[in-house]
Amino acid sequence: MVYYSKITPSWALDNAELKEMAREAIDLVEGRFDNVRESSDGPNVSDLKVGDYYMGTVKAVFDYGAFVDIGCGKDGLLHVSHLSDDKIIEDAREIISVGKKIKVHIVSVDYPNVKFELSTKRRDGSRLEDLKNGMELEGKVSRIMSWGAFIDVGFEKDGLLHVTRIQDEVVKDVHDVLKVGQQIKAHVVHLDRKKQTFGLSMRSIQADRHLDYLHGDKKPKNH
């Protein structure tokens, strides 16, 4: 395992593995997920709770809505009336398509018949526009991947906590330090309002400056 000290000057670090992980971190928080595989682990329908968020894949689309796979072996119904906060959608096929990855939350569960309904509407009115770089947040780990985790902080989208941002020492396996449902504190390190994505970090500010430098900054940031 590779370690580096929080007091080591970032310009003295010359580790190819760390540099590659740093580049990957920036790619991911900026929304470049084309080559990323999602974990096959998912909840059971009996574990679903109203209000919980999940990332899902659209499996079928009809005018009245879509069926979304959230990894529990049964697709949930995303009704057309739950597709948008801002406008009325007459036909779900106008805005979503098969294969699209979307964030949804549970609005109802029929446990005896193993059925559940989903929504993409904001759960509590929070908007991504309220976020600021450096803002400290409390959230819950919603999904764990090989390269990091997604954190539900109450906004319409989850924040990305890359493996390189979990702690000051390099983490080889995310499952060693995080679990789904775990409550954490983190601060915003990247915010792209146009792409509607944001990255989080649990590391110290100094360690984050080192990682940013490894990505290509000419000198450590002093803010």
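This is a predicted model: local features need pLDDT of at least 70, side-chain atom pairs count only at pLDDT 80 or more; totals for chains, interfaces and linings use all residues.
Asp158 is buried, with a relative accessible area of 12%. Asp158 forms a salt bridge with Lys103, and their closest N and O atoms are 2.4 Å apart. This pair ties together distant parts of the chain: Asp158 sits in the loop between β7 and β8, while Lys103 belongs to strand β4, 55 residues apart. Lys103 is buried too, at 11% relative accessible area.

Strand β4 takes us to a closed barrel of five strands, which runs β1-β2-β3-β5-β4 with mixed pairing. On average, neighbouring strands here are turned by 50° against each other, direction ignored.

Next, look for the largest nonpolar core, which has 21 residues. Leu131, Ile151, Leu178 and Leu200 have the most contacts inside it. Strands β6, β7, β9 and β10 each supply at least two of its residues, and β9 gives the most, with four. Apart from this core lies another, of 20 residues, including Val68 and Phe116.

Lys140 in turn forms a salt bridge with Asp52, at 3.6 Å between the closest N and O atoms. Here the loop between α1 and β1 is linked to strand β6, across 88 residues. Lys140 is partly exposed, with a relative accessible area of 27%.

The structure holds four salt bridges; one of them joins Asp91 and Arg93, and Asp91 is buried.

Key
Residues are numbered from 1 along each chain as its sequence is written. Side-chain values use heavy atoms; hydrogens and water are left out. Two strands pair if DSSP finds at least two bridges between them. Axes are lines fitted to C-alpha atoms, for helices over the stretch in contact, and angles run from 0 to 180 degrees between N-to-C directions. A nonpolar core is a set of buried Ala, Val, Leu, Ile, Met, Phe, Trp, Tyr and Cys residues joined through side-chain atoms within 4.5 Å. Buried means under 20% relative accessible area, exposed over 50%, partly exposed in between (1.4 Å probe, protein chains only). A salt bridge is a side-chain nitrogen of Lys or Arg within 4 Å of a carboxyl oxygen of Asp or Glu.
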